[in-house]
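Work through these exercises with the model open beside you. Try each task before you read its solution.

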Amino acid sequence: MTLTLLVYPTVCPDREPGLQPWTPGHSEAHHVTIGYGRKVILTSSATVHSIEILNGGKLVIADSYHPILLRTKHILIGNRGQLHIGSPDCPYKGNLTISLFGRSDDTDTEHSYFGRKYIGVGTGGTLEIHGEKKLSWTFLNKTLHPGESEDNSYLFERGWGNRGIIVHVIDPKTGEVLHNDRFDTYRSKEESRRLAQYVDVVDNGMILAMVVNDEGSNNLEDSGILKPILYYTLRPQASISIEHLSNSTVLELAEPAEGWGPGDRLVLASTDYSMHQAEEFTILPCPACGPTQVKVQGECPVFLHMGEEVDGVDMRAEVGLLSRNILVRGEMEPGCYGNEACKFFAFDTFGGHVKMERGFKSVHVSGVELQHMGQQSMGHYPVHFHMNGDVDQKGGYDPPTSVSDLSIHHTFSRCVTVHGSNGLLVKDVVGYDALGHCFFTEDGPEERNTFDHCLGLMIRAGTLLPSDRDSKMCRDITQGAFPGYVANPRQDCSATSTFWIANPNNNLINCAAAGSEETGFWFLFHHVPTGASEGMYSPGRSEHTPMGQFTNNRAHSNYRAGMILDNGVKTTQANDKDKRPFLSLVGARYGPHQDADPFKPRVPALIHHFVAYKNQDHGAWLRGGDVWLDDCQFADNGIGLTLASGGTFPDDDGSRQEVKNSLFVGESENRGMPIPDNRIWGPGGPDLNGRTLPRGVDFPIRGMQIYDGPINVQNCTFRKYIALDGRHTSAFGFRLNNSWQSCPNNNVTDITFDDITSRVFFGEPGPWFNKMQMDGDKTTIFHDVDGSVSEYPGAFLVKEDNWLLRHPDCIDVPDWRAAICSGHYAQIYIQTRNPASLNMQMVKDEYPDRPLTLEGALGKRKHYQQFQPVVTLGKGYTVHWDQAAPAEITVWLINFNRNDWINVGFCYPPGTTFTIISDIHNRLTKQTRKTGVESLLTLSLLCLPLSLLFLRVKAHNEKEDFAFCSVKGCERVKITAVIPKGSGPSDCMTQAYPLHAEMPIVDVPMPRKLPSAKLVRTALSLLVTSGTVNGRKLYQPDDGVQLTVMDGHDGRLVESKGFRNSILQGVPAQIESYVNNLTDQ
């Protein structure tokens, strides 16, 4: 058997037989149609009005040694039309510019689908553009400091040992020594002839430097060559020094700069909070550079750009290529004219655009630069796949449709738009200095698209959608709003993002969001498909769709957040009830399930190796069910990470969020640099040196922000969280000004602390925290499963003044504003109607003088109110109101396991009658099953001004570990009351206590403190154990000296301060200073 392998040579498009030369010349009035099987090749520059390729027509651009400039208003590739510039196997090597000209107010008729100033691929059309393969972007591998440059000095010094002439050839532009040689013209006439030949081949314009060592004229004078230009010196040691002063420097890169050459433009990303610290450079020749080095010219670096890992976090700046040998650009007017965008932009925003219509035959674009593309009008973007359906093998495209190795910069509307299209590959694309969302999925049904190794930076606000707009645009643009609409920019708009992902089933791999006015990656949800995609999926499907691959992505230098997974868009038009414009931001909840079916098993959204640093507000804010992070890094963010549940209690009950095996750094060694317009500069870090700060000099930086839950934080390291006087930095913190619930199933385990001063801070009244009077501020709690935070395994950390959760053995930690307690904890949700505007006081019978006042989680104008206290199980409580008791109260049992119970008495006016019903509500099926009905009751304590209705609420069903409700649904009790008219506030405190007061009992003994040997200690072994002051146990978080200050008159604890062993050498002086500064009361 003989196997014959046939190898066919690659045929470049411009070498295809049968192509006819085409030289249309230069006329802006020349309308060109290439059709009816005509195949032509453009070999020189041309200017025409337009080009339409139809009915089997084919245009090929010749790969010429001479640059080609093709100017036209548009190129339309219609049915069976083809445009070829290079191919995957034969990339275009010449220099080609396609320049799209025209104004938005031109008088000629615009195309009904493509508009003006475009390359359009219609049904049946083929677009194949393939420029040279070049590295799209990489990382800086050595830190570049501001003002750092090379002086390009060159010193040559050598003792030759013989007479002769030493020659150097120097490039006058760069100062590079191209080559050197020595000619012993003293001893040999042959050397004189060789010197003459050498000089003859030196290129014109080069500098020829000659030095005579000792003597070189013996055989040179006879020949007469070079005598006019020689200067003779007698020296035993020849030396030559060349200094070329320039603003140039060498960038050290993480990988070889494939295809980069002199004249190419680069952008170097910011590595500080401001995206505006990105800088552009031009590559210079550098014969001495290695494969991973490039020399760049321009202004010396103005800003610090990190090129290394800092405190365990990869903070290397991205370096993106802006130049390609194929350029598609829009020709621009000198200023803005004739449209609404001129209110916000001084420059012309009517650029070119490339758009693909449904049913195209083939589109592959690679190795192209797109500059001044996009328009501030809907549907006109630098690269736009519009309603194409499946563009991979599923749609019959083989090879699948792709755009790759693109440099899209200085654009006026997005970078790459995927609209109603699935399966597109977007790879190795750089998007820089763009208006509006850069990598943009539009309507909600876009799935299976892959963004691989894409970089976006300097993404600014645009006018098109509410989510594109900044605050000024949001207020000024009222089109689409109902009359009377008053914008709330931070809620309705202000969401400009580098990656805007409208359906979670898309893949983001190795991508970088390196600077946006708002957010790096934003996953949001269209409850129903919008725009041209209306009706493509059933309501709510996107909120349950599993997430595609999200791996090895990074976000930094963003204003709002590195990543957000939250929110939806308004899918209805503005009306009297909701005046906001169509597609304004609204709330949404994410709960991924198999096949997007909430009745099928949950599928966690996995976020692997995400790096977020130098984001002013959040590293990441992620809301929903089953969002799991692994091997992530957060550094220098205002708040590292917040995991928010799906609502008051998770819509997807039983789900949880977790972060594992991750690193949090509060203030790294990347200090940034002071600049004139940087108002946020102050002390920080372990050495308290100056640095840029995320929000303000007193902003409470937090690593892991605990919000509602349930969450699981496991095997994470927290490093360099340094609290200062007036700035409450902490590794663990809580959401500020929080009205929402806090779940006792927030579990923390296997935590490591490295060089921090505050592990936890629960908050205190003051800047940023305000009055700490909102319900969530008062009910914060988390479970320290293994004691790696508090050193008490199994303990709970609670707000120090929440006496619903405390018992006599709780240990106070004044520095944390916390108490370490033990117990069994759950929650009750008390929903009230008629009225909904009242405040509630809840009192634990063991501490009747320590009531907890709650204002409700919802606004006072809502038709119902909800109070969400955490309670200690197996205890008694009473509830009181600042107005007449509500006519309807529903008590939900949250996080109650089977047989868990509490007693609770509700205060009512005398003469009140009740209907009490218990039931189980399944929130998934929206079905309610009654479990018991009590007849009308009249209170027996009618002789008193006010009376208490006591209930024992007890769970009868098991629940899953992270579920808020039982496997059968949420158990609840509903009280409907008829309140006598004219009743005053229902406050029964004086009647209830001391009658119902109980002695405080510790039901769950406090765990033993971990032995010191199990903890990381860095200094002396002096140990002071926790003490008790007036019945309150005080916690000492570190070995050392603990001072407690008490009021000498009433025994009140004033404050407690610790001095750590790690600074014991200075403790005597510190203690003396501390004591001397105490004030007499």
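**Exercise 1.** Decide whether Ser-730 is buried or exposed, and find which backbone oxygen its side chain reaches.

Solution. Start with accessibility: Ser-730 has a relative accessible area of 1%. Buried means under 20%, exposed over 50%, and partly exposed in between (1.4 Å probe, protein chains only). Ser-730 is therefore buried. Strands are DSSP runs of at least two residues, numbered from the N terminus. Finally, the Ser-730 side chain reaches the backbone oxygen of Phe-732 at 2.8 Å.

This is a predicted model: local features need pLDDT of at least 70, side-chain atom pairs count only at pLDDT 80 or more, and totals for chains, interfaces and linings use all residues. Residues are numbered from 1 along each chain as its sequence is written, and side-chain values use heavy atoms, leaving out hydrogens and water.

**Exercise 2.** Locate Leu-688 and state its phi.

Solution. Look between strand E52 (681-684) and strand E53 (689-692): Leu-688 is in that loop. Leu-688 is not a glycine, yet has a positive phi of about 60°. At 45% relative accessible area, Leu-688 is partly exposed.

**Exercise 3.** Which residue does a cis peptide bond join to Pro-835, and where is Pro-835?

Solution. The partner is Asn-834, with omega about 0°. Pro-835 sits in the loop between strand E62 (825-833) and strand E63 (840-844).

Key. A polar contact is a pair of N or O atoms within 3.5 Å; within protein, one must be able to donate a hydrogen and the other to accept it, and residues adjacent in sequence count only if both atoms are side-chain atoms. Helices (H or I, at least four residues) and strands (E, at least two) are DSSP runs, numbered from the N terminus.
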